[in-house]
Amino acid sequence: MATVNLINSSDIEITQNNDDITLHLSNDKQEEINNKVIGGAGYTKFSDGTLICYGKTSSVNINASAEVEIDINLPQSYVDTNYQVFVDINSGGTNWAGGLATKCTPNLVNKAKIIVGNYISNSQIQNIVFNYITIGKWK
């Protein structure tokens, strides 16, 4: 898999290359952040109040014509539930092409939810893992 730009602005760029998610900051923004990685999940706090959390879910199986809810315990809390949740497939497992749909929502200030539907009527999706990124405010 090639490197994918998830967010790109003059101050911040987030890229993904296979399982690695990397945060790049412009030189003048580097001293304004607090960055921490905890057990594969991480967060970055900016002095302007912006918070970015990231990580990956556990592996799940989804039966044919069914959906599952995946709760994400965020490594840092937001000030409220007005944050954005983004996901992509980290590890596709088997049988997911063409029949997968996701809905991502903030659930609590420290927990997000992904609802994943398998719309293939005759095949279970097995061992699928998602990357997540959430962006909002910590103050």
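Predicted model: local features only at pLDDT ≥ 70, side-chain atom pairs only at ≥ 80, totals over all residues.
Trainee: What makes the pair of Y78 and Y83 stacked?

Mentor: The structure holds 1 aromatic pair. The ring centres of Y78 and Y83 are 4.3 Å apart, and their planes meet at 15°. Pairing asks for centres within 6.5 Å, and stacking asks for planes under 30 degrees apart. Both values fall inside those limits, so the rings of Y78 and Y83 are a stacked pair.

Trainee: Are those two tyrosines, Y78 and Y83, buried or exposed, and how do you know?

Mentor: Y78 has a relative accessible area of 4%, and Y83 comes out at 3%. Buried means under 20%, so Y78 and Y83 are both buried.

Trainee: And K139, buried or exposed?

Mentor: The relative accessible area of K139 is 56%. The exposed label needs over 50%, so K139 is exposed.

Trainee: Where along the chain is K139, and what does it touch?

Mentor: K139 belongs to the segment after strand 12, which spans 125-137. Leaving aside residues up to four places away in sequence, K139 touches S47, D48, G49 and V79. Take G49: 90 residues separate it from K139 in sequence, yet their C-alpha atoms are 5.0 Å apart in space.

Trainee: What makes the approach of K139 to S47 a polar contact?

Mentor: The K139 side chain reaches the backbone oxygen of S47 at 2.9 Å. The cut-off for a pair of N or O atoms is 3.5 Å, so this distance qualifies.

Trainee: Which lysine lies over the face of W138, and at what distance from the ring centre?

Mentor: That is K45, at 4.4 Å from the ring centre of W138. The distance limit is 6 Å, so K45 meets it.

Trainee: How do you know that strand 12 pairs with strand 6, strand 7 and strand 9?

Mentor: Count the bridges, since pairing takes at least two. Strand 6 (residues 50-56) runs antiparallel to strand 12 over 7 bridges. Strand 7 (residues 60-62) is joined to strand 12 by 2 bridges, again antiparallel. Strand 9 (residues 84-91) has 7 bridges to strand 12, also antiparallel. Each count reaches at least two, so strand 12 pairs with strand 6, strand 7 and strand 9.

How values were computed
Residues numbered from 1 in each chain as written. Heavy atoms only, no water. Phe/Tyr/Trp six-rings, centres within 6.5 Å; stacked < 30°, edge-to-face > 60°. Buried < 20%, exposed > 50% of the residue type's maximum accessible area, 1.4 Å probe, protein only. Lys NZ or Arg CZ within 6 Å of the ring centre and 35° of its normal. Helix = DSSP H or I, 4+ residues; strand = E, 2+ residues; numbered from the N terminus. Contact = heavy atoms within 4.5 Å. Polar contact = N/O pair within 3.5 Å; in protein donor to acceptor, adjacent residues only side chain to side chain.
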